Amino acid sequence: MSVELKQYQAPVWNEPVILDMGYPGRRGVLFAAVEPEIRQHVGDASDLIPFAMRRQDRPALPELSEPEVLYHYLRLSQQTLGMMGISLFGTCTMKYNPQINEAMAWRPEITELHPLQHEDTMQGALEIVHNMDLMLRELSGMDQFVFQAGGGSEAAFTNCAVTRAYHASKGELEQRDEVIVTIQTHPCNPATAAAAGFKVITLMLDESGYPSLDALKAVVSNRTAAIMVNNPDDMGVYNPDMKEWVRIVHEAGGLAFYDAANFNGTMSKLRAREIGFDACMFMLHKTFGAPKSGVGGPATGAYGVSSELAPFLPSPLVVRDGDRYRLDADRPQSVGKIREFLGNVQVVLKAYAWTRSMGAEGIAQASDISVLSNNYMEKGLLAIRGVTRSHPEATTPRMEMTRYSFQQMKEETGVDIHDVQNRMSDFGIDPLWASHEPWLLPEPFTPEAGEMYGKEALDRWIAVIARISDEAYSDPELVKTSPHNQAVHRLKPGMIDDPSSRSMTWRAFKRKMAATG
Amino acid sequence: MGEAAARATGLDVTVIHHADQEQTSATDTASAAATMADRGVSLILFVGGDGTARDVLSATSDRVPLLGVPAGVKMHSAVFGTTPANAGHLAALFLARHPSARLRDAEVMDLDEDAIRAGRVSAHLHGHARSPYERRLVQNAKAGSVPGETESLDAVARQVAAQMRPDHLYILGPGTTTRRVADALGIPSTLLGVDAVLNGESIGLDLDEQALLRAMEGRETEIIVGVLGGQGSLFGRGNQQISAEVIRRVGRHRIQVISTVQKLIALSTGALQVDTGDPEMDAMLAGHLPVLTGPGRTTLVRVQA
């Protein structure tokens, strides 16, 4: 494999912070004076604001013209890689978000939808939500989905709330106060379990890459409320004992929740319910082709359950009565609201469009490609000096991700993962994503190829890592002082870890600068 | 003592100690380390094993941070880099005042030479040295942040203290982790010894096995220990006072272990070690054991003899 790397140089604008720009009195829009008749009718505009809420002083905002604002933000956007390189962020399941789906989400039928309007006037939107529910039921074997959660963590919290309500309905909530996770379960699961008042028990992995059945048996008891697990986890290792895990937990009276954040490699190949799980969640903003939005939303954690748990789901649910769709809020056992109204309906719409256009066969193929691509990358990456993978002895092939480590490179050359990240951006591709905490493997990285990129893109990504490895072993300073082709140099390490040197607002920045001179 | 080697690498050296004999001894180590401490060096980087760590700590009385370059196998002290290269990397970060280099208290274990001659490995807790480690800096939004080790341990210690039951005797093992429990209760404690607590009061400091057994008489007892040393020892290295007999009377289910997740992840064998000198007791302790890693957080770890 010989890939010639593209020349890349980021634009350097040295753009100031917007609060340092502008001239007193400059304006983007000049408003016409209020006509006398209107003033007579409405009164003074400032009187519309309650006295206690009125500003005493004018806000200290930058004063700029409209084009100046546009140029500024255009330049800033030019200084980022803009997710237009090769973004193989593990666990993020990066996909192309078709423009036509965006266009549909911008149609007034969605944007002008009022959350309080009568259900008779939004039958189309409700139909889409209901049909998405049906498709996810098909993929998971669950009996009912809800789309209220604005992301994976909120769906995990929904699960904890439902778990609480379920055990409370049996009079066992006080006794069942433990949730079991693995050290590789996504952090939102133990975090939301703790937030919901459960004690969290974490299982470590053994040599095979997943916790042993013995470890599970050692902690399952009549105090077990639920297990919350990913499968495969972020190392790409699929735990083949999962049916037995669920059986053991059920036997003890606990519930089993499948965080299907890493669904890409198994979609259409297995159903959570058929493994025995009582509940699961999908990320519509990753697996189902809606934009991920750079960890900030809008997102949707689709949460689905068996019929036994359905009465506890948040309200309202979208249900179908004959030819009509309605919102069912008359659900006495419901945990109530996790988020307002129906959640992010525009994300559901985009996921619906993606799923319909892929079809069952397309989804099965995408799943195969994502596993194939990862195993292709694994061959290339493990051939690179200084790169190793987790659980090297484990024989089962990895699914859609593999966890690698640069520890060997770091020990032999002093070049660590942050150096590699910085250097990657010199080649115009997005720096790799390391891994969720805790780092079981030192200097970890976890690319996820997915089904979107062609072989050339994967080859280029591998070639960049190979090139950086060569540089690390021949000229480590080149890597350690990178980036060299970027809009800015490397930031001083530790700045954002130190509260005295980071600021969330301009005011705080000025105060801290004054304090440190 | 390293002068030739240091010069060979092109370093500008100041010689502070001349050994009297060809073969240097512990006295030379101690003398050189004391001189370095007196001269106010930032870090003492030494090559050796547990014995060297002990000699350097004794000579410097913890005035200077220590970092060991491992020159042997299976060090019990926690002041060593995982490999010589890692120790060098860590020393470079620390000396450059890199924000990821931090200091923490690390156990220095004292090997029992008589026991080794008798064919047994036995180590006592000699003391604690401030030693650099590399913490990870915030990198991006999705990675999240790691709770600080100090904050996690303090939170667990407060919870353990708050959940102590009346009229139960609590045996606090040595080390800085268990000291946090005593601090949470606001009672005195010993760093290297085993202490006993009853109804929120200290009823004995630095107790030996017999004193522990006497204190336990007629009382429900629980053991609270941390993980000691570089090998992840639970019992038998540094807390021998909590003997097989003491553990037997307490019972396995009344052992509370406190540790950070980071320390558990770093266990080289993936397991905690027990070596109580009683094979039957070691077998009883083996298997999975819950370790308190945060308030309301438990991590299940394998124990092996």
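Predicted model: local features only at pLDDT ≥ 70, side-chain atom pairs only at ≥ 80, totals over all residues.

Q: How far apart do the C-alpha centres of domain 1 and domain 3 of chain A lie?
A: Start with the domain assignment, which gives chain A domain 1 (18-78), domain 2 (101-357) and domain 3 (361-497). For domain 1 and domain 3 of chain A, the C-alpha centres are separated by 46 Å.

Q: Is A:Val34 buried, partly exposed or exposed?
A: You'll find A:Val34 in the segment before α1 (36-42) of chain A. Buried would need under 20% relative accessible area and exposed over 50%. A:Val34 has 45% relative accessibility, so it counts as partly exposed.

Q: What kind of aromatic pair do A:Tyr166 and A:Phe312 form?
A: There are twelve aromatic pairs over all chains. In this one, the ring centres of A:Tyr166 and A:Phe312 are 6.2 Å apart and the planes sit at 90°, so the pair is edge-to-face.

Q: How many residues apart are A:Tyr166 and A:Phe312?
A: A:Tyr166 is in helix α6 (residues 152-169) of chain A, while A:Phe312 is in the loop between β7 (301-305) and β8 (317-321) of chain A. Both A:Tyr166 and A:Phe312 are buried. The pair links distant parts of the chain, and the separation is 146 residues.

Q: Which ring does B:Arg104 lie over?
A: B:Arg104 is placed over a ring face, at 4.0 Å from the ring centre. That ring belongs to B:Tyr133.

Key
Residues numbered from 1 in each chain as written. Chains lettered and ligands numbered in written order. Heavy atoms only, no water. Helix = DSSP H or I, 4+ residues; strand = E, 2+ residues; numbered from the N terminus. Buried < 20%, exposed > 50% of the residue type's maximum accessible area, 1.4 Å probe, protein only. Domains from an automatic or database assignment. Phe/Tyr/Trp six-rings, centres within 6.5 Å; stacked < 30°, edge-to-face > 60°. Lys NZ or Arg CZ within 6 Å of the ring centre and 35° of its normal.
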